[in-house]
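The exercises below ask the reader to work through a structure step by step, from overall dimensions down to single residues. Each task is followed by a worked solution.

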Amino acid sequence: MVRFGSFEMEFVKRGASPRYLAYLIPFVAVVVALLAGSVLLLVEGVDPLRAYEALFSSAFGTPYSLSESVVQATPLMLAALGTLITFKAGFWNIGAEGQLQMGALAATWATFVFAGYPPIVMIPCIMLFSFLGGGAWGMIPAIFKVKLGADEMLTTMMMNYVAILAVVYFVYGPWRDPSAYGNPRSPLLPLSSRLPVIPGTRIHLTVFVGLAIAVLLYVFLNRTKLGLEIRVIGANREAARYAGINVFKNILIVTLIGGGIAGLAGMGQVAGIFFSLPKSVSPGYGYTAIVVAWLARLNPLTIPVSAFLFGGLLNGGYGIQMAFAVPIALVNAIQALVLFFILALSIFYEYRVVFRWRS
Amino acid sequence: MIASQQAATSSFAVQMKGITKSFPGVFANDHVDFDVKHGEIHALLGENGAGKTTLMNILYGLYQPDEGEIYIDGEKVTINSPKDAIKLGIGMVHQLFRLIPSFTVTENIVLGLHSSKRPRLDLDVAEKKINELSKKYGLKVDPSAKVWQISVGEQQRVEIIKALYRGAKVLILDEPTSVLTPQEVKELTMILTKMAKDGLAVIPFVTHKLREVMAITDRVTVMRRGKVIATLETRNTNERDLASKMVGRTVFLETEKVEVTSHRPVLEVNDLRAINDKGLPALDGVSFSIAEGEVLGIAGVAGNGQTELAEVITGLRKATGGRILINGKDITNMPTRQIMEAGIGHAPEKRTEMGLVGDLSVRENLILTNYNDRSLATRYVLDRASIDRHVDKLIAEFGIMTPGKEAPVKLLSGGNLQRLILAREVTRKNLSVLVVVDPTRGLDIGATEFIRNSLVSLKKKGVAILLISGDLDEIFSLSDRIAVIFKGSIMGILAANEAKIDEIGLMMAGAGAQKQEVA
């Protein structure tokens with residue numbers, strides 16, 4: 001209880017948390033984050049209203065800008081879905097960034113291995129390779145965790161740096177395209193590996209793969225035995241042991257699937273956007289994905305919505321960066337503020353505030 | 001006339017008048033009147049959720065009443081915090097002791113108080129005062145012992161001294177006998193009686209230890225659903241009367257006795273050994289067997305290997321030696337899943353930490369240990385329709401009060417949680433052994449009665465039950481045989497109808513071991 005003179009404020013535990021909160025809280029978090037972000041904009045000497053207007057119109061204003069927001073949302077959605085399933089098992093994996101990079105690397109390799117095959121063979125193969133590449137990368141910290149007790153938050157994050165530098169090594173080293181002059185990237189991928197797009201846009205096949213995975217994950221988590229086991233492990237590991245659930249095996253499965261899905265995001269960037277492996281495949285999609293997953297309250301079906309919102313924020317961020325010459329770090333700061341307020345406001349799922357005047 | 005009235009009023013240590021406190025959706029206290037005189041032991045009796053804890057938390061300043069007045073020694077007071085309460089001479093001994101294990105008894109007692117030799121502690125003066133209090137009321141403690149070295153009963157005495165040291169004239173005790181051995185209960189009774197004789201007002205609150213209420217108290221106030229049902233002179237009432245007032249209907253405190261007819265052992269444990277989490281021996285060669293339809297009670301002071309015994313049998317802890325057989329099949333150190341499939345059910349001591357998943361729904365918790373069953377799922381996919389039927393049936397059969405089967409179980413009350421666990425474990429396919437630990441701890445009379453009857457009907461079906469419980473009444477009322485565990489060894493196994501409670505109590509304190517050493 002907090003008291004100021006005769007004014008009292010008390011946090012009272014709720015019974016069941018009302019349904020509407022799942023929508024209200026993320027919405028309020030975004031609004032408050034934008035308000036807080038306007039302080040940063042003012043410090044930069046930019047009128048927040050005009051900046052947000054520019055952000056909004058370059059994110060959602062025209063059919064083209066909408067389609068570009070979807071392009072940004074695609075890797076976010078996949079990386080968030082991959083992160084989500086590991087979070088469901090209580091495995092605090094922040095390695096989606098690295099898994100994405102390894103997925104991109106494996107997809108690029110697959111295009112070399114299957115060069116000469118038609119798209120009908122090539123595309124499933126690069127998907128499989130990127131899934132296995134990301135998945136294997138995701139499983140390594142799980143083994144460390146279960147066998148040695150290493151904290152997965154640290155190991156998954158350290159694995160990100162290794163993956164990023166592995167990509168750098170390949171594009172400067174063995175896979176460097178000499179015809180690209182100073183631009184460190186792999187040679188252009190064979191045409192057969194290019195993902196189909198919606199004509200007139202850069203929206204590629206991966207977005208539909210992501211939507212399908214969102215639905216599949218929902219069914220998997222809620223309707224299958226394995227899904228139930230995973231949720232039990234995540235909510236109460238002691239109870240999982242008590243119920244005879246094999247925690248080690250399940251965490252390996254979850255990190256394989258989660259890493260694999262994040263790996264597909266990397267595949268999408270390589271085969272759907274760049275058509276080669278560039279030095280920087282991702283501007284940090286794997287990190288933003290954590291925010292996307294929390295904004296969706298770890299529900300796979302709402303991930304596409306929150307990914308689209310953040311895709312818009314990224315896309316619009318490029319817009320204000322160009323229009324007002326503000327650093328992109330400012331856009332990242334606003335994203336971080338969204339996460340901050342979602343976490344801070346989460347207390348209202350469990351508590352409500354009562355105000356009172358005492359005479 | 002006026003003078004005598006004043007004298008009458010001032011003999012009350014505490015008067016609470018018309019206390020009302022509501023929480024969202026419930027009246028925790030609905031115009032409650034309660035008083036206690038100097039030199040009186042006045043118990044507050046009621047089931048969980050009856051409102052006794054709320055009432056005492058108001059007296060101790062943890063909650064503010066919405067309405068009502070509190071008088072201490074006849075004077076109206078406002079108690080805003082425990083600090084105010086302590087200043088007014090009110091002391092509270094919590095059910096779970098709030099002591100720091102690595103500190104000495106003296107350090108724990110003076111913790112948070114001003115020292116006359118600030119910034120240094122005046123431990124010598126404190127120790128002298130502690131010894132005085134200790135001698136005065138027979139509160140045996142060793143002021144220089146570290147708290148982790150002393151028994152639970154001694155820790156409770158430290159808590160009582162801590163309250164007296166702060167000048168308590170009114171002592172509130174939350175479930176004071178729930179953790180004690182029979183001998184310790186006797187000692188506590190003597191201590192409280194001495195304190196009352198010395199003019200202190202004592203308020204123990206109790207959920208189901210009616211026998212002790214009858215033995216210790218002068219008056220009893222029974223609460224139910226936030227209201228005072230009756231305030232009675234103890235000598236004018238009896239256990240049965242108190243129980244029915246508490247529950248609101250006639251209750252049967254005696255559980256039905258069912259003879260064991262079979263001699264076929266279902267669970268056999270031979271020379272079982274295991275270590276605890278600290279790596280020290282917890283089970284030191286435990287052997288027993290349980291026949292079809294037999295209940296073996298394991299009595300003992302908490303921490304003598306009971307937890308480890310349940311864990312080793314259910315596969316949650318590795319045995320370092322010995323064997324466990326179910327229906328003749330060796331299951332020692334098999335994975336938990338296989339042990340479950342061999343026919344062991346487990347209602348664990350840690351209900352919410354282990355037996356349930358708080359954030360998951362009632363439906364999911366009811367299938368937590370049997371979702372693999374062919375009738376509830378195919379090889380990979382859960383069969384929602386048959387799960388729903390199964391869950392609806394269990395909710396109805398076991399009277400689980402829940403807002404719905406989709407509600408997360410963390411919203412359910414303690415009694416309903418235990419009903420849920422038992423419903424799940426008891427109805428498992430091919431159940432032949434149930435390991436159940438403290439099945440009714442913290443539950444009210446209604447739930448206790450239900451749970452015990454469920455165990456009896458399970459026994460009738462021929463299931464062997466290993467009942468590990470800190471509640472000796474429970475052990476006596478349900479068991480066919482009683483084994484006493486002390487420091488990881490079985491001191492002896494007695495037939496329940498021949499065992500004496502004193503004998504068991506002495507064995508719990510390790511007396512059997514001394515006898516064996518002599519012999």
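## Exercise 1: Overall form of chain B

Task: Determine what radius of gyration chain B has, and how it stands against that of a compact globule with 519 residues.

Solution. A compact globule with 519 residues would have a radius of gyration near 24 Å, and since chain B in this predicted model has 25 Å, the value agrees with that expectation. Along the principal axes, the C-alpha atoms of chain B fill a box of roughly 80 × 55 × 45 Å. Turning to the interior, 45% of the 519 residues of chain B count as buried. Of the contacts in chain B with a separation of 6 or more, 68% are accounted for by residues 24 or more positions apart. The secondary structure of chain B comprises 19 helices and 20 strands.

## Exercise 2: A covered strand

Task: Decide whether the residues on the two faces of strand β6 (residues 90-93) of chain B are buried or exposed, and find how many bridges join β6(B) to β7 of chain B.

Solution. On one side of β6(B) lie I90(B) and M92(B), on the other G91(B) and V93(B), and all of these are buried, so that both faces of the strand are covered. Four bridges join β6(B) to strand β7 (residues 170-174) of chain B, and these two strands run parallel. In β7(B), I172(B) is the bridge partner of M92(B).

## Exercise 3: Nonpolar cores

Task: Identify which residues have the most contacts inside the largest nonpolar core.

Solution. The largest nonpolar core has 185 residues, and those with the most contacts inside it are A80(A), L81(A), V292(A) and V484(B). Helix α3 (residues 63-88) of chain A supplies the largest share of this core, twelve residues. Another core, of 69 residues, lies apart from it and includes L59(B), I70(B), I161(B) and F205(B).

## Exercise 4: Domains of chain A and one residue

Task: Describe where domain 1 of chain A touches domain 2 of chain A, and classify Y318(A) by its C-beta neighbours.

Solution. Chain A is divided into domain 1 (1-46 + 326-359) and domain 2 (67-318), whose centres, taken over C-alpha atoms, are separated by 30 Å. Eight residues of domain 1 of chain A are in contact with eight residues of domain 2 of chain A. On the side of domain 1 that touches domain 2, α1 (21-43) and α13 (328-345) of chain A each supply at least two residues, and α13(A) gives the largest share, six residues. Y318(A) has its place in helix α12 (residues 303-324) of chain A, and because 17 C-beta neighbours lie inside 10 Å, Y318(A) counts as partly exposed.

Conventions
Residues are numbered from 1 along each chain as its sequence is written. Chains are lettered from A and ligands numbered from 1 in the order in which they are written. This is a predicted model: local features need pLDDT of at least 70, side-chain atom pairs count only at pLDDT 80 or more; totals for chains, interfaces and linings use all residues. A residue is buried if 20 or more other C-beta atoms lie within 10 Å of its own, exposed if 12 or fewer, and partly exposed in between; C-beta atoms are placed from the backbone. A nonpolar core is a set of buried Ala, Val, Leu, Ile, Met, Phe, Trp, Tyr and Cys residues joined through C-beta atoms within 7 Å. The radius of gyration is taken over C-alpha atoms; the globule rule is 2.2 Å times the number of residues to the power 0.38. Two residues are in contact if their C-beta atoms, placed from the backbone, lie within 7 Å. Domain bounds come from an automatic or database domain assignment. Two strands pair if DSSP finds at least two bridges between them.
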